[in-house]
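The following paragraphs lead through selected contacts of a single model. Please view the sequence and the coordinates together while reading.

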Amino acid sequence: MWPQSSGPERVTVGQASKVAGKRNESVQAKIPISILPGFHVNSNTPSDDYLIPLNLTWTSLGALGGGQVTYPKPSLEKYEFSPTPLSVFTGNFELTASFKVGATATAGPGVAVGKLRYQACNDKSCFQPKTVEVTVSYQVQ
């Protein structure tokens, strides 16, 4: 059983920056993430196989291709429950998603949709993993 909390969200995903580009152009969207003080999430490259990584995957790209995600550099933190330091993200940071506008994309607006999976933890325990939707609005010029 995972610890429950009725307090504020431990991890908040902000609105991604809107991107605009012509056919075949590369564009990048910044996706802001905010983690409450006293909490962390495992990085995209966790220290142990059993840890749940922060991971953004795209479910619908629309007229965009790619969607490669660049994660910030994690920090190594020591917690009571682990004998070794863990690779984590804390505080406020951004993920960068790189797309390429399709060669045959129709001019106009669209939305790329993804799922961000993470597990928030504090210095004593981890909470139930969550998956939240991430959207990136785009304009094909």
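At 33% relative accessibility, Lys115 counts as partly exposed, where buried means under 20% relative accessible area, exposed over 50% and partly exposed in between (1.4 Å probe, protein chains only). The model is predicted: local features need pLDDT of at least 70, side-chain atom pairs count only at pLDDT 80 or more, and totals for chains, interfaces and linings use all residues. Residues are numbered from 1 along each chain as its sequence is written, and side-chain values use heavy atoms, with hydrogens and water left out.

Lys115 forms a salt bridge with Glu133, the closest N and O atoms being 3.8 Å apart; a salt bridge requires a side-chain nitrogen of Lys or Arg within 4 Å of a carboxyl oxygen of Asp or Glu. This pair links distant parts of the chain, with Glu133 in strand 12 and Lys115 in strand 10, 18 residues apart. Strands (E, at least two residues) are DSSP runs numbered from the N terminus. Glu133 is exposed, with a relative accessible area of 52%.

Strands 10 and 12 run antiparallel and are joined by eleven bridges, pairing being assigned if DSSP finds at least two bridges between two strands. Within this pairing, Val111 stands opposite Ser137.

A second salt bridge connects Lys124 to Glu80, with the closest N and O atoms 3.5 Å apart. Lys124 lies in the loop between strands 11 and 12 and Glu80 in the loop between strands 7 and 8, so the contact ties together parts that are 44 residues apart in sequence. Lys124 also forms a salt bridge with Asp123, at 3.9 Å between the closest N and O atoms. Through shared partners, Glu80, Asp123 and Lys124 are joined into one network.

Technical notes:
Helices (H or I, at least four residues) and strands (E, at least two) are DSSP runs, numbered from the N terminus.
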